[in-house]
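Here is a short briefing on backbone geometry and a ligand site. Look over the sequence and the structure before reading on.

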Amino acid sequence: MITLAACEALDAADATAALREHFEPAPEGTIFLDGNSIGAMPKAVPERMARALHGEWSALRRQAWHHADWLDAPQRIGAAMAPLLGAPPQDVIAVDNTTLNLHKLLAYGLQLARADAGRRFIVYEPEGFPTDAHVVQGIVHHGQGRWAERAIDAPAELAGALRDDVAMVVLAHVDYRSSYRWDLAASTAAAHAVGARVLWDLSHSAGVVPVGLADSRADFAVVCGYKYLSSGPGAPALAYIRHDLQDRDWPALPGWLGHADRMNFRGAYAPAPGPLSLVTGTMPVLQNAAMDCAAHIWGQVDLALLFAKHESLSTTLAQLMHEQCGGLGVRQISPADYGQRGGHIAFSCPGGGATCEALLAAGVVSSFRQPDVIRFGLAPATVTHADLWHAVARLKHILEQQSWREARFQQVSV
Ligand SMILES: *Cc1c(COP(=O)(O)O)cnc(C)c1O
């Protein structure tokens with residue numbers, strides 16, 4: 001049985017403990033297990049935002065574009081965060097949101113396959129994260145018959161879906177509900193074997209588990225900025241293009257700030273080199289100021305230690321839940337093998353959404369997905385093993401008392 005003392009001992013030996021000091025602590029009594037939804041705020045953000053407002057916008061106005069490096073933020077932030085993706089710094093950029101980057105990279109990947117008339121299919125998961133599916137569906141809808149969808153409903157179906165008529169494969173590295181983690185290297189190799197390219201969504205893996213984009217020769221990738229990357233609500237997302245796939249064609253959304261000569265203002269479009277061409281128009285300067293603070297933290301982190309901490313948290317939570325709540329009807333729906341899990345763990349839980357609400361009232365912030373799934377996001381920089389022990393103890397109490405049946409918990413807020 002895992003005891004509170006054992007959890008505290010693991011925390012006392014935690015080689016990443018100093019990282020917590022870079023983030024705003026949770027309010028007394030609150031345990032945030034929602035890093036899969038929105039990450040903790042870096043402590044440096046308020047001061048950095050104040051500088052962007054007063055020292056830059058107000059004091060410098062137009063001069064701030066250059067003097068405060070507003071224009072360079074997408075590359076600067078992308079380069080600092082690239083190690084989280086296992087990618088070279090110059091191949092990553094922070095721009096727009098995940099949805100837009102999925103669209104731009106899928107459209108670009110299809111453009112590269114356009115000349116090969118036999119390649120029509122986009123392999124994807126219609127039951128995956130909605131926006132990822134909608135981007136594929138939108139491109140097929142507007143593609144005037146050129147592109148078609150091929151759905152896979154379970155990971156085991158990938159092999160059968162990969163034929164030489166596939167142009168692109170769009171996959172979430174980690175499923176937002178079950179936390180199932182694909183073998184990124186093996187799946188990429190399987191797609192390459194039939195001449196297809198892969199666009200990975202790393203929103204539930206980057207910054208939590210090893211990704212290894214470059215080693216896997218993955219083609220394209222996106223990452224949500226405001227979840228495990230802690231870049232703030234509405235932060236830009238990351239976009240990655242493998243080096244040898246860059247500069248082969250125009251980006252899908254050419255804009256003035258993705259132009260090779262931004263300040264020329266004349267003549268025809270010419271794409272900027274590399275992922276800089278994915279910049280469309282003006283970047284969100286204030287969001288980038290907040291994201292800079294997160295990039296500063298991630299740029300210094302020892303990733304091997306961070307990933308080891310996550311594995312320790314994830315295996316501890318799985319075991320604690322089994323020991324304390326298994327007899328009360330809680331069942332893990334995420335894979336039993338850590339190597340097949342991403343950032344969070346999902347459990348099927350009596351009371352479902354009402355139990356998630358009761359947990360909130362008890363200070364444990366998790367998130368609910370239909371029909372009865374509660375997800376616990378394990379941001380390794382801020383969550384402790386003792387947090388997990390207390391969270392499971394509070395859940396156990398709620399289930400034993402059946403307090404989730406109270407009328408006030410029946411309206412599900414998340
Ligand atoms: C959160 C999330 C997104 C978010 O998309 P935005 O366009 O940035 O809002 C996309 N895909 C996945 C898998 C996610 O988890």
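R61 is exposed, because its relative accessibility is 60%; exposed means over 50% relative accessible area with a 1.4 Å probe, counting protein chains only. This is a predicted model: local features need pLDDT of at least 70, side-chain atom pairs count only at pLDDT 80 or more, and totals for chains, interfaces and linings use all residues. Residues are numbered from 1 along each chain as its sequence is written, and side-chain values use heavy atoms, with hydrogens and water left out.

**Backbone**
- R61 is not a glycine, yet its phi is positive, near 50°.
- R61 sits in the loop between α2 (45–60) and α3 (64–67); helices are DSSP runs of H or I with at least four residues, strands are runs of E with at least two, and numbering starts at the N terminus.
- Q144, also not a glycine, has a positive phi of about 50°.
- The loop between α6 (130–142) and β4 (148–151) holds Q144.
- Q144 is exposed, with a relative accessible area of 78%.
- Q370 and P371 are joined by a cis peptide bond, with omega about 0°.
- P371 belongs to the loop between β12 (367–369) and β13 (373–377).

**Ligand**
- Residues around the ligand (a heavy atom within 4 Å) include N97, T98, F129 and K227.
- A side-chain N or O atom of T99 lies 2.5 Å from a ligand oxygen atom.
- For H204, a side-chain N or O atom is 2.7 Å from a ligand oxygen atom.

Methods. Buried < 20%, exposed > 50% of the residue type's maximum accessible area, 1.4 Å probe, protein only. Polar contact = N/O pair within 3.5 Å; in protein donor to acceptor, adjacent residues only side chain to side chain.
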